[in-house]
Amino acid sequence: MQIQHIRNATTKIVYAEKVFLVDPMLAKKDAYPGFEGTYRSHLRNPMIELPMPAEDVMEGVDAVIVSHTHLDHWDDAAQELLPKGIPLFAQDEADAQIIRGQGFTDVRILGENTVFEGVHLTKTGGMHGTDSMYSIPDLAKILGSVMGIVFQAPGTKTVYVAGDTVWDSDVDQTLAKFNPDVIILNTGDARLTGFGDSIIMGKDDTLHAHQAAPNATIIAVHMDAINHTALSREELREYVQQKGIQDHVLIPDDGEILEL
């Protein structure tokens, strides 16, 4: 199994001889305004370039998985560049309709027992913020629904892509049910203006993940690329060293390939 961290939450996973592209954001640096109402919203997104041409990111991809349709996970450039007939998995019918409306012709809904060419894909739950955030109707609409994904295949390590979620009961349940060997966490500690809590995971969740799944390899991503992320890779590397979990947590650079 091979996992390549591209940028932000964009990940290329070679799993049971199939190639999956998760949450493609393929725009050039500074293509979009910063997210309004968030930390450092004056900065443009993405804040860094792709580590390779977008064509190389897409090369060999058998299927695309879009955990949710926020711009930093499914952007205009990805919509323009990806082949319109590529198999593409969405979290629900609402997202599927959006993506079909963008011209994609093979959009499927990822469920609890989805199979793609021998690979079992399971949709897992999550929450893109706190209960207090979701209690505000307008904000709840912006945050929306999100999913994680579990990859399984005979003779292959189980991979859990947690997605844009805070740590909640869905994460606990997924770890207990699937006992994943590899956990990919979005740990950028993304912040909204006026709230003390994050809308995704942060450094303490990295430690929590190791404590909850001590035998798993944790891969931390979703840092250094988007304006609202308050945690950098450098800071997280220092943190995992301080906590003594550096042998269990991988913090890849953009473009880095991990053989697992």
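Glu 93 sits at 35% relative accessibility, so it counts as partly exposed. Its salt-bridge partner is Arg 100, with the N-to-O distance at 2.8 Å. Keep in mind that this is a predicted model. The count of salt bridges comes to eight, and here's a quick look at some of them. As a general point, side chains of opposite charge can pair when their charged atoms come close.

**Lys 29 and Asp 30**
- The side chains of Lys 29 and Asp 30 form a salt bridge, at 3.1 Å from N to O.
- Lys 29 comes out at 37% relative accessible area, which makes it partly exposed.
- Asp 30 has 34% relative accessibility, so it also lands in the partly exposed class.

**Arg 237 and Asp 253**
- Arg 237 and Asp 253 pair up through their side chains, with 2.9 Å between N and O.
- This pair ties together distant parts of the chain, 16 residues apart.
- Arg 237 belongs to helix H8 (residues 233–243), while Asp 253 is in the loop between strand S13 (249–250) and strand S14 (257–259).
- Arg 237 is partly exposed, with 32% relative accessible area.
- Asp 253 has 41% relative accessibility and counts as partly exposed.

**A linked set**
- Salt bridges also join Asp 224, Arg 233 and Asp 254 into a network.

Terms used: Residues are numbered from 1 along each chain as its sequence is written. This is a predicted model: local features need pLDDT of at least 70, side-chain atom pairs count only at pLDDT 80 or more; totals for chains, interfaces and linings use all residues. Side-chain values use heavy atoms; hydrogens and water are left out. A salt bridge is a side-chain nitrogen of Lys or Arg within 4 Å of a carboxyl oxygen of Asp or Glu. Buried means under 20% relative accessible area, exposed over 50%, partly exposed in between (1.4 Å probe, protein chains only). Helices (H or I, at least four residues) and strands (E, at least two) are DSSP runs, numbered from the N terminus.
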